Amino acid sequence: MTHAKARAITANAQMERKRMAWWTGLALSGVVAFAASEALGQDVTITHGYSNFGEVKYPADFTHLDYVNPEAPKGGEISTWSLGTFDSFNQYARDGNPAALNTIGSEALLTSTSDDPYGVYCFLCTTMEYPEDLSFVTFNLRDDVIFSNGTPMTAEDVEFSFNLFLEQGIVEYRRIVEGFIDRVEVENPYRITFYFQPEASFRDRVGFAGGTPVFSKAWFEETGTRLDKATKSPFMSTGAYVLDSFEPNRQVIYRRNPDYWGEDIPFNVGRNNFDTIRTEYFADRTAAFEAFKTGAYLFRAETDPKEWATGYSFPRVEDGSVVLDTPSDRTVGSALSFVYNLDRPTWQDPKVREAIGLVFNFEWTNKTLFFDLFERVDSFWPNTELAATGTPSEGELAILQPLVADGLLPESILTDEMTSTVANDPERAAPSRRVLRQASALLDEAGWVFGDGEFREKDGETLTLNIIQFNPLYDRIVTPYIENLKRLGVDANLERIDRANYIERRRSGNFDMTNHGFQMPFEPSIGLQQWFASKTADNSSRNLMRLRNEAVDKIIPYVIEAQTLEDMQTAVHALDRTLMSLRFAIPQWYKKEHWLAYYDVYGRPEELPPLAVGIYDFWWYEEDKAQALRDKGVLR
């Protein structure tokens, strides 16, 4: 689903989010049987799984997922780290700062797999039923699912949870799904039907109905818990893990539920292998890294390229006690960027935005600060076939030409090559003279010219740019950029603030520029509205830049309404090309591999699936290896 607030996350948590992300809205495929619906006068398909594009990968009678080790041992602990603090276990509220992995115990009617980008499958249900026009979908629920307190899950819990998000979910989510559902009917304790409004997007229907996490209705009512408020414990759910203990801002531990209902179903064979999952919290990265070296926690997903390039030569790496692992990342790359606040008049001029972006020297930053470990973001779908390239195809032109004719896009978009930025000199932090001249000319054209002082002015106002950050790790990146902006005549500064203030400033639009990570799915659809639509610009954790653009609003429906993979890719290419041309984001970087360091006590499948690393999902603990490290004095 798309309920979760945008926030900084570790590389592995990001992978888990991608694996569990819902490609909402799924059409007909994976047919098991047909049944006549006498009441509705049309045939109804009965199936275990759906895909918009072709057949789902796994048949109804599969025994285990291809990428797991079905013989993986159960037991042990995986321990990792997180930066900062937490004061809530509710990922879905704007209130509070949620603890790591707070949704690990949640499950939905449907599940995805890490090797089937377009398929979803019955998980808390046995089968799904739908007519050809997808005017409704019925879920036949499993009758053996129980919540962590031992009470049975029924259709009433499904209905309650679905309505909970519609009534108390974040505003941006409710805004894009309002009017989607006509009604929900609980037919019996283990059968529920969702009826859709005619205007509901076709590809989003089944996934929207079946992708909502299922919580205990009785627990919510007894405790008076609200979805839109911070909580001191996770919601009562059906998953394999439950909260074991926590120390505020120091540690949180989840334990495997010994009475978990789904231990032996095919989807779970070889998964949920750790007895406990522990996260240690640290106030700064240096303390966290030093703690890893001493064995205070045993697994680390590294995100700092300098640390990865220079910090992992300590004795426990050299003697083999700590393993360095770099599996490739074949998911949609996270398009990290600086974004402008487009509600502020200064940044509404595309020439000003382009000029400011030109003097960010990625090439020098990557070589000097990142040891050439990153790739430049060149798309909102980097590292995939969804990224626009070259000049527009015929299919793209069919979408873009009417928008050009209406004056919503410039004619150049029909002929220009797809490029993200102008390359700078990797040998020096300052922009090249050519780039500086190009940026200066753009500001001159926009009316921002030098007066008597060192900074550019227009109508008596100085061209200022305030960049807000909370993470000191970014100082070494932002500081050289600010110097380049001053060379251009921009009065730029870095304002580093605490995390709580940072979150609030972004929510309220009280900034000129901030960081943002655009994480797109393989099958984009209605969720694009949360990222880029005008109607979410006033209150969105994704549309932080407050983008309101009529051309974008007109292209998004082409993506949502696409019925074939080819049509969807074409529409995404047109959208990607348009978004990049608007220059509301200054592309930063992404990486094509994971940087994992861990004590040699963990096992994983030799071949990882393309869509997840699966650290908490299908890795396992090896006691004999742990004992060997204890015998060496490495672990206690």
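Is Cys122 buried or exposed, and what is its relative accessible area? Cys122 is buried, with a relative accessible area of 8%; buried denotes under 20% relative accessible area, exposed over 50% and partly exposed in between, for a 1.4 Å probe and protein chains only.

The close-up views below show a predicted model, in which local features need pLDDT of at least 70, side-chain atom pairs count only at pLDDT 80 or more, and totals for chains, interfaces and linings use all residues. Residues are numbered from 1 along each chain as its sequence is written, and side-chain values use heavy atoms, with hydrogens and water left out.

**View A. The disulfide between Cys122 and Cys125.** The structure holds one disulfide, defined as a pair of cysteine sulfur atoms within 2.5 Å. The sulfur atoms of Cys122 and Cys125 are 2.3 Å apart. The torsion about their S-S bond is about -105°, so the disulfide is left-handed. Cys125 is buried, at 3% relative accessibility.

**View B. Helix H16, residues 550-561.** Helices (H or I, at least four residues) and strands (E, at least two) are DSSP runs, numbered from the N terminus. Ala551, Val552, Ile555, Ile556, Val559 and Ile560 are the buried residues of H16. They fall within an arc of 165° seen down the axis, so they line one face of the helix; the arc is that of the directions from the helix axis to the C-beta atoms. These buried residues pack against helices H11 (394-405), H15 (528-532) and H17 (565-582). At the N-terminal end, Asn549 caps H16 through a side-chain oxygen 3.0 Å from the backbone nitrogen of Ala551.

**View C. Helix H6, residues 285-294.** Arg285, Ala288, Phe289, Ala291 and Phe292 are buried in H6. They cover an arc of only 160° around the axis, which puts them on the same side of H6. The exposed residues Thr286 and Thr294 are carried on the face turned away from this buried side. Asp284 caps the N-terminal end, with a side-chain oxygen 3.1 Å from the backbone nitrogen of Thr286. Gly295, whose phi is positive, near 85°, follows H6.

**View D. Asn361 in the loop between helices H9 (350-358) and H10 (362-369).** Asn361 is buried, with a relative accessible area of 3%. A polar atom of the Asn361 side chain lies 2.9 Å from the backbone oxygen of Arg428.

Technical notes: Expected span 1.5 Å × (residues − 1). Contact = heavy atoms within 4.5 Å. Polar contact = N/O pair within 3.5 Å; in protein donor to acceptor, adjacent residues only side chain to side chain.
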